[in-house]
Amino acid sequence: MAIGIFVKCTFTDTETRFANSHNTNIHATVVKLINMIHPLTTEYNNALSAEDAGICNMLCKAIHKGLQEAENKIWHAHPVWFLDGNPVVGYSKMKDCIRLMFWSGQSFDEKGLLPSGSFKAAEIRYTSGKQVNKKDLENWLKKASSIQWDYKNIVNRKGVLVRLK
């Protein structure tokens, strides 16, 4: 599932100086591959028990399909998907379950998601792949793209969360 989209990126002056100081031949622009499942996400999933890995692989495929424009990476030791640098969805292994979290999920106004933390996040927990309702998951992923709070800049705003979409 390593389908890529190519996007032109411009190097900053600092990046250009760094590359030149290391005898790296670069141009003013570079093609960057995005829309891939990060290899560390696959590694994270594979390190889990068979049942938990099955849940995470199912979630990973659904997220990748539902948020094709998102960037996937490991953030705070867990797979997370970002839109324009803003975290929107991720999952993590808890003691007895897999937690799927939507950073803006409380604003989705959807059944099945429970509030998580003191901001706008909401979550659902799974102990079996059979518990994953694919229709609900598809709907939540659509909302994750269209409803977003600005977690990317929450530190700069001293804990104040502003709605983006």
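This is a predicted model: local features need pLDDT of at least 70, side-chain atom pairs count only at pLDDT 80 or more; totals for chains, interfaces and linings use all residues.

Trainee: Fine, let's start with the layout. How many helices and strands are there in the protein chain?

Mentor: The protein chain has 4 helices and 8 strands. Read from the N terminus, its elements come in the order β-α-β-α-α-β-β-β-β-β-β-α.

Trainee: And what share of the 165 residues is buried?

Mentor: Buried residues account for 36% of them. As for contacts between residues at least 6 apart in sequence, 50% link residues at least 24 apart.

Trainee: Now the helices. How do I describe two that pack together?

Mentor: Two packed helices are described by the angle between their axes and by the distance between those axes. Here, take α3 (residues 50-66) and α4 (residues 134-146): their axes come within 10 Å and cross at roughly 45 degrees. That angle is why α3 counts as oblique to α4. The crossing of α3 past α4 is right-handed.

Trainee: Which residues meet there?

Mentor: From α3 you have M58, L59, A62, I63 and G66, and they meet K134, L137 and L141 of α4. Sorted by kind, the residues of this contact are 6 nonpolar, 1 polar and 1 charged.

Trainee: Let's zoom in on one residue. Is D52 buried or exposed?

Mentor: The cut-off for buried is under 20% relative accessible area. D52 has 10% relative accessibility, so it counts as buried. You'll find D52 in helix α3.

Trainee: What does D52 touch?

Mentor: Setting aside residues up to four places away in sequence, D52 touches K93 and I98. The side chains of D52 and K93 are also joined by a polar contact of 3.0 Å.

Trainee: Where does S92 lie, and what is S92 in contact with?

Mentor: S92 lies in strand β5, which covers residues 86-93. Its relative accessibility is 3%, so S92 is buried. Apart from neighbours within four places in sequence, S92 has contacts with Y44, H78, C97, I98 and R99.

Terms used. Residues are numbered from 1 along each chain as its sequence is written. Side-chain values use heavy atoms; hydrogens and water are left out. Axes are lines fitted to C-alpha atoms, for helices over the stretch in contact, and angles run from 0 to 180 degrees between N-to-C directions. Helices (H or I, at least four residues) and strands (E, at least two) are DSSP runs, numbered from the N terminus. Angles under 35 degrees count as roughly parallel, over 145 as roughly antiparallel, 65 to 115 as roughly perpendicular and the rest as oblique. A crossing is left-handed if the near helix is turned anticlockwise from the far one by less than a right angle, and right-handed if clockwise. Contact means heavy atoms within 4.5 Å. Ala, Val, Leu, Ile, Met, Phe, Trp, Tyr, Cys and Pro count as nonpolar, Asp, Glu, Lys and Arg as charged, and the others, Gly among them, as polar. Buried means under 20% relative accessible area, exposed over 50%, partly exposed in between (1.4 Å probe, protein chains only). A polar contact is a pair of N or O atoms within 3.5 Å; within protein, one must be able to donate a hydrogen and the other to accept it, and residues adjacent in sequence count only if both atoms are side-chain atoms.
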